[in-house]
Each structure stands twice: as C-alpha cells, then as structure tokens.
Amino acid sequence: MGPVQLSTTVVSSQSFRARLKEDYSADISLCYQCGKCSAGCPAAFAMEHTVRQIIRMVQAGLITEALRSSSIWACAGCETCSSRCPRQVDPAKVMEALRIEAKKQGLVTDREADLFHDLFLQSVQSNGRLHEVGLMARFNILSGQLFKDAEHAPGLLSQGKLSILPHKIQNPDAVARIFANVKKKRGGNK
C-alpha cells in the first residue's frame with residue numbers, strides 16, 4: 001500500500017462508518033488505538049493486520065483494504081478484544097460487520113475461510129451446536145480437498161473426541177429464534 005491522502009479517504013468513507021454505527025451498532029470513532037484488543041487476541045498470530053490495525057484502517061477510510069484483509073476471517077469471534085476494550089467499541093462486532101460487508105460487496109479474498117464460516121453457521125443452525133464431522137466433511141467436499149486431515153479421524157473417533165452423528169440440543173426453537181433475529185437485523189441476508 002502506497003501513500004494515503006487521509007483528507008480524501010476519511011471524508012469519502014463517512015457513509016460507511018455511519019452505516020457500521022447504524023446497522024451494526026459498531027462505533028469505531030470511540031477507538032483511541034490503545035491496542036488492548038490486539039494484545040489479548042488469541043488469533044493475532046494468524047492475522048496480517050491486528051484488530052487494532054483493521055479498526056484504524058476503517059477510521060482512516062481504507063475500507064476496501066480492510067474488507068479484503070484475511071484478518072477479518074482469522075478472527076475467532078471469541079470476544080476477548082471486546083471484553084478488554086476500555087471504550088466499549090466491541091471490536092469483535094466490528095470484525096463480524098466487516099465480514100458481512102465484504103460478502104455484500106464481493107470483496108472476500110479468502111474463499112476457504114468464507115466457506116468454513118458459512119458451513120459453521122449452517123451446522124449450528126441445523127443442530128443447535130457444532131457437528132465437527134459434518135462440518136469437516138462438507139468443507140472438504142465443497143473445497144475440493146476430499147481427504148484433507150482424514151488421517152486424524154480414526155484416532156479422534158476412537159478417543160471419543162468426535163461423534164459421527166450430530167448431537168441435538170433440547171430447545172431447537174431458541175436457536176431458530178436467534179437465527180431469525182440475526183436475519184431480521186441484517187435485512188433478510190444470511
């Protein structure tokens with residue numbers, strides 16, 4: 001990335017930052033770049049840009065760069081960053097909002113991460129919790145890596161770490177309501 005004219009990028013991205021605040025309740029203007037989010041992030045080692053840097057990119061108007069960053073897909077959504085934030089910016093929510101916006105704008109650069117993300121949510125929506133075997137089988141088939149990590153399955157199955165059949169939760173209606181509320185908030189999108 002070359003030199004950036006902030007007076008231009010910041011002004012031209014005001015509508016995007018306003019949409020983050022309005023649609024996702026993510027007010028990045030509150031962030032003063034203390035770095036606590038990045039210092040506590042367990043996925044920071046896998047990111048090209050830390051959470052703090054992603055937020056700064058959006059503050060500076062480098063929206064496309066932030067949306068194309070593989071870092072937004074490396075975020076585990078554990079909310080460690082959000083719990084550490086002294087300004088209640090909710091960086092985990094910002095990262096999720098950026099993933100949604102990247103999909104909407106066709107700027108997803110890591111197709112496998114996007115596929116995994118979608119399949120993970122589908123598994124939780126269908127079963128009320130994650131079914132690892134089903135997730136990995138579908139991921140391997142859809143990503144064209146049929147036998148990826150298959151050598152680990154027998155050992156994990158014999159140790160009882162994996163279950164062939166999904167476990168169902170007792171109250172699937174509660175999960176259905178959660179997904180319906182999310183879909184409603186996102187305007188009918190996934």
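Which helix holds Ser 123? I looked, and Ser 123 sits in helix α9, residues 111–127. Helices here are DSSP runs of H or I of at least four residues, and strands are runs of E of at least two, numbered from the N terminus.

Before going on, I noted that this is a predicted model, where local features need pLDDT of at least 70, side-chain atom pairs count only at pLDDT 80 or more, and totals for chains, interfaces and linings use all residues. Residues are numbered from 1 along each chain as its sequence is written, and side-chain values use heavy atoms, with hydrogens and water left out.

**Ser 123.** Buried or exposed? I found Ser 123 buried, because its relative accessible area is 8% (buried is under 20%, exposed over 50%, partly exposed in between, with a 1.4 Å probe and protein chains only). I then checked its contacts, meaning heavy atoms within 4.5 Å. Skipping neighbours within four places in sequence, Ser 123 touches Gly 128, Arg 129, Leu 130 and His 131.

**Whole chain.** I counted twelve helices and zero strands. The C-alpha atoms fill a box of roughly 60 × 35 × 30 Å along the principal axes. Of the 190 residues, 34% are buried. I also looked at contacts between residues at least 6 apart in sequence, and 64% of them join residues at least 24 apart.

**Charges.** I get 25 positive and 17 negative side chains, with the centres of the two sets 5 Å apart. Lys and Arg count as positive, Asp and Glu as negative, while His and the chain ends are not counted. Each charge is placed at NZ of Lys, CZ of Arg, CG of Asp or CD of Glu.

**Domains.** The assignment, automatic or from a database, gives me domain 1 (6–105) and domain 2 (111–186). Their C-alpha centres lie 26 Å apart. Across the boundary, five residues of domain 1 contact five of domain 2. The two bury about 510 Å² between them, 49% of it on carbon and sulfur atoms; that is the accessible area (1.4 Å probe) the two parts lose on being put together, summed over both.

Most residues other than glycine have a negative phi. Glu 79 is in the loop between α6 (71–74) and α7 (80–84), and at 48% relative accessibility it is partly exposed. I flagged Asp 90 as well, at a positive phi of about 65°. Asp 90 lies in the loop between α7 and α8 (91–104) and is partly exposed at 22%.
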